[in-house]
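Work through the exercises below with the model open beside you. Try each task before reading its solution.

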Amino acid sequence: MRGRPGYLTLPIVSVLAAIGYVYYTAVFLAVPRWLGLSTAAGVANAAAFTALAAACLATYAVAVRRDPGRVPPGYVPDVEDAESTVHEIKRKSGDLRYCQKCCHYKPPRAHHCRVCKRCVLKMDHHCIWINNCVGHENYKIFLVFVLYAVVASFYAMILIIGSVVHSVPKDEQSGSDSSRTSIIICGVILSPLALALAVLLGWHIYLILQNKTTIEYHEGVRAMWLAEKGGDLYHHPYDLGVYDNLISVLGPNIFCWLCPISNTTGNGLWYRTSYDIPKSTPPM
């Protein structure tokens with residue numbers, strides 16, 4: 001049975017259990033076996049990993065609970081607005097996009113989610129691991145969580161490998177040899193997870209640099225094929241250049257780009273396009 005957005009589901013419980021299991025193994029098994037919790041290096045690494053795990057939990061909780069962005073009731077696109085140089089239309093009829101299920105027009109980059117049963121502003125995808133859509137309001141939080149999770153995963157792998165290869169003398173170890181087996185099991189489970197998270201992070205960095213969502217990427221592949229078939233060139237209309245693309249997602253303050261706060265520019269109903277940039281402005 002599908003859970004309602006923001007509610008606990010089996011995938012969410014699995015993520016929380018995985019975070020707890022990796023944290024316990026890294027801090028209470030790997031660090032004592034390798035560095036010892038009575039040393040300055042051991043305490044520093046335990047504290048650093050604890051802070052990183054807390055950041056993962058905090059950003060994950062926000063990604064689960066944060067609404068990705070709703071279309072205001074009665075929204076109607078202003079086709080006569082001079083600032084709105086691009087209006088998305090249906091591919092076949094050429095009409096403005098209208099959601100028959102929600103009974104309202106779709107803003108640019110908005111899509112209907114069959115799981116959430118509503119339209120989501122700048123929808124990227126529906127993620128079962130947060131039981132929520134990733135959209136305009138929570139995309140940055142989702143990205144920062146994945147970044148923290150990647151760093152934590154590789155940090156844990158370093159602690160695990162170090163505890164297996166180098167360990168304190170047996171008379172100084174607080175546990176038995178069974179801890180080594182538990183550490184190895186955690187490392188075997190964590191290795192593919194860390195790789196998958198790194199690939200996911202790289203994919204979304206690639207999308208951000210081009211100011212695309214996952215949906216827009218797949219739509220762009222088809223649009224590019226159709227354009228080349230007709231002898232034309234396809235250009236993603238929301239690609240403003242690398243720096244402006246980063247600002248549109250991460251916010252205008254570069255010092256807050258990695259902070260777990262959502263400071264995305266705009267209200268999700270209108271977005272700048274490459275057609276808004278003056279012709280005299282050189283591309284970045």
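**Exercise 1: A loop residue and its backbone**

Task: Is Lys117 buried or exposed? Place Lys117 in the fold and describe its phi.

Solution. This is a predicted model.
- Step 1. Lys117 has a relative accessible area of 62%. Exposed means over 50%, so Lys117 is exposed.
- Step 2. Lys117 sits in the loop between strand S3 (111–113) and strand S4 (118–120).
- Step 3. Most residues other than glycine have a negative phi. Phi of Lys117 is positive, near 60°.

**Exercise 2: The overall plan**

Task: How many helices and strands does the protein have, and which pattern do they follow?

Solution. 
- Step 1. There are six helices and six strands.
- Step 2. Along the sequence the pattern reads α-α-β-β-β-β-β-β-α-α-α-α.
- Step 3. Of the 284 residues in the protein, 41% are buried.
- Step 4. Take the contacts between residues at least 6 apart in sequence. Of these, 66% join residues at least 24 apart.

**Exercise 3: H1 against H4**

Task: How are H1 and H4 oriented to each other, and which residues meet?

Solution. 
- Step 1. Helix H1 (residues 10–34) packs with helix H4 (residues 178–209) at an angle of about 135°. Their axes are 10 Å apart.
- Step 2. H1 and H4 are therefore oblique to each other.
- Step 3. Their crossing is left-handed.
- Step 4. The H1 residues in contact are Tyr21, Val22, Thr25, Leu29, Ala30 and Arg33. Their partners in H4 include Ile183, Cys186 and Leu190.
- Step 5. By class, this contact has nine nonpolar, three polar and two charged residues.
- Step 6. Tyr24 is also in H1. At 46% relative accessibility, Tyr24 is partly exposed. Tyr24 and Ile183 are 159 residues apart in sequence, yet 10.0 Å apart in space, C-alpha to C-alpha.

**Exercise 4: H2 against H3**

Task: How is H2 oriented to H3, and what classes of residue make up their contact?

Solution. 
- Step 1. Helix H2 (residues 40–65) and helix H3 (residues 139–165) pack at about 150°, with axes 9 Å apart.
- Step 2. An angle over 145 degrees counts as roughly antiparallel, so H2 is roughly antiparallel to H3.
- Step 3. H2 passes H3 in a left-handed crossing.
- Step 4. From H2, the contact includes Phe49, Leu52 and Tyr60. From H3, it includes Phe142, Phe145 and Tyr148.
- Step 5. The classes are 19 nonpolar, two polar and no charged residues.
- Step 6. Leu57 is found in H2. Its relative accessible area is 38%, which makes Leu57 partly exposed. Leaving aside neighbours within four places in sequence, Leu57 is in contact with Leu16 and Ile19. Leu57 and Tyr148 are 91 residues apart in sequence and 9.6 Å apart in space, C-alpha to C-alpha.

**Exercise 5: An asparagine in H6**

Task: Is Asn245 buried or exposed, and which residues is Asn245 in contact with?

Solution. 
- Step 1. Asn245 is in helix H6 (residues 242–250).
- Step 2. At 0% relative accessibility, Asn245 is buried.
- Step 3. Set aside its neighbours within four places in sequence. Asn245 is then in contact with Ile208, Leu209, Gln210, Asn211, Tyr238, Asp239 and Leu240.

Key
Residues are numbered from 1 along each chain as its sequence is written. This is a predicted model: local features need pLDDT of at least 70, side-chain atom pairs count only at pLDDT 80 or more; totals for chains, interfaces and linings use all residues. Side-chain values use heavy atoms; hydrogens and water are left out. Helices (H or I, at least four residues) and strands (E, at least two) are DSSP runs, numbered from the N terminus. Buried means under 20% relative accessible area, exposed over 50%, partly exposed in between (1.4 Å probe, protein chains only). Axes are lines fitted to C-alpha atoms, for helices over the stretch in contact, and angles run from 0 to 180 degrees between N-to-C directions. Angles under 35 degrees count as roughly parallel, over 145 as roughly antiparallel, 65 to 115 as roughly perpendicular and the rest as oblique. A crossing is left-handed if the near helix is turned anticlockwise from the far one by less than a right angle, and right-handed if clockwise. Contact means heavy atoms within 4.5 Å. Ala, Val, Leu, Ile, Met, Phe, Trp, Tyr, Cys and Pro count as nonpolar, Asp, Glu, Lys and Arg as charged, and the others, Gly among them, as polar.
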